[in-house]
Amino acid sequence: MTISVAVSGASGYAGGEVLRILAAHPEVEIGAITAHSQAGQRLGSIAPHLHALADRVLVDTTVENLAGHDVVFLALPHGASAAVAAALPENTLVIDAGADHRLESAAAWEKFYGSEHAGFWPYGLPELPGQREKLVGTKRVAVPGCYPTGGQLALAPGFGAGLLEADDVVIVSASGTSGAGKSLKPNLLGSEVMGSMSTYGVGGIHRHIPEMEQGFSKLAGEPVTVSFTPTLAPMPRGILTTATAKAKAGVSEAQLRAAWEQAYADEQFVHLLPEGQWPTTSAVQGSNHVQLQLAFDTHANRVIVTAALDNLTKGTAGAAVQSMNIALGLEENTGLLMQGVAP
């Protein structure tokens, strides 16, 4: 049976990446492709790399255009997807790549996003304990943020195994500029980015902080506090995250490594590299894979985990398609077998 899908926000980076993956998915047929201000334009003029879809014309992002498909991907700005999703039929699988349905806490949502909480959906990061089961058969999926994907995969095994302290987690991530979307902003100009790195969202204000704290706290069984600092790197896509936390008293390096090995031994998209080999963003570019490596700093009694992923693929669109596969009972890796494209 062919699965009909619609993709909203197709003129943006996330929507375009969803289309890139779906164009090679053997089980789906791409229906409506929608946008807002660029509706009416030929997709090939906006995303010329999508050759198979180049002659398709973008239509308005309306419930009428999205309804009637088996699956609807929402790649809309934060705060824009909740109303659209609420108007779609209950038997439509809706996959939200925005933030609207990621947080369980209404207070956390209102603090970091400043609008009314739209509710919480099953979370599309199946590599976290218990999440894969929640995606099976669901009709609603909240795709994780790109930074929380790397941060949570980096430290989840330690919290799940009870090896890490909850009050001193520090995460620093370097992201390619596509993470900021396609809007025209002076700090994203090539002349500003090339040959330079910069920080932003400093001081506990980044919107992805409560999402990471939510995931870690569930695993730890107690509130976990995260200090997170993002940086912009002179590359179009990719995230390199360095996540550190204090080990509990008496925890050894062997225990730490065993926890990470056990957590990801059966995962096909998350790879703990051999000791001494460190992740690079180029190795995962364009793929749904994540590379991890860990070290134990005995001087500071901290575990240090580095994670590399493609923010547009595993960080957004790949996770969305992976979640769709699970929800529909398809092989989890269907359409996601592409490898990295380094160099």
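Which element gives the largest share of the lining of the largest pocket? In this predicted model, that element is α1, with three residues.

## Largest pocket

The volume of the largest pocket is about 1,200 Å³. Its lining comprises 42 residues, and those closest to the centre are Pro77, His78, Gly179, Ala180 and Gly181. Two or more lining residues come from each of α1 (13-22), α7 (146-160) and α11 (313-328).

By class, the lining of the largest pocket holds 23 polar, 15 nonpolar and four charged residues.

## Second largest pocket

The lining of the second largest pocket divides into seven nonpolar, six polar and four charged residues.

## Packing of α7 and α10

Helix α7 packs on helix α10 (residues 253-264) at an angle of about 115°, and their axes are 8 Å apart. Because of that angle, α7 is roughly perpendicular to α10. The crossing of the two helices is right-handed.

On the α7 side, the contact is made by Gln152, Leu153, Ala154, Leu155, Ala156, Pro157 and Gly158. On the α10 side, Ala259, Trp260, Ala263 and Tyr264 take part. The contact of α7 with α10 contains nine nonpolar residues, two polar residues and no charged residues.

Technical notes: Residues numbered from 1 in each chain as written. Predicted model: local features only at pLDDT ≥ 70, side-chain atom pairs only at ≥ 80, totals over all residues. Heavy atoms only, no water. 1 Å grid on protein atoms, 1.4 Å probe; cavity = no way out; pocket = protein on both sides within 12 Å on 5 of 7 lines; lining within 4 Å. Points joined across faces, edges and corners; volume = space filled by probe spheres on them. Helix = DSSP H or I, 4+ residues; strand = E, 2+ residues; numbered from the N terminus. Nonpolar A, V, L, I, M, F, W, Y, C, P; charged D, E, K, R; others polar. Axes fitted to C-alpha atoms, helices over the stretch in contact; angles between N-to-C directions. Parallel < 35°, antiparallel > 145°, perpendicular 65-115°, else oblique. Left-handed = near helix turned anticlockwise from the far one by under 90°. Contact = heavy atoms within 4.5 Å.
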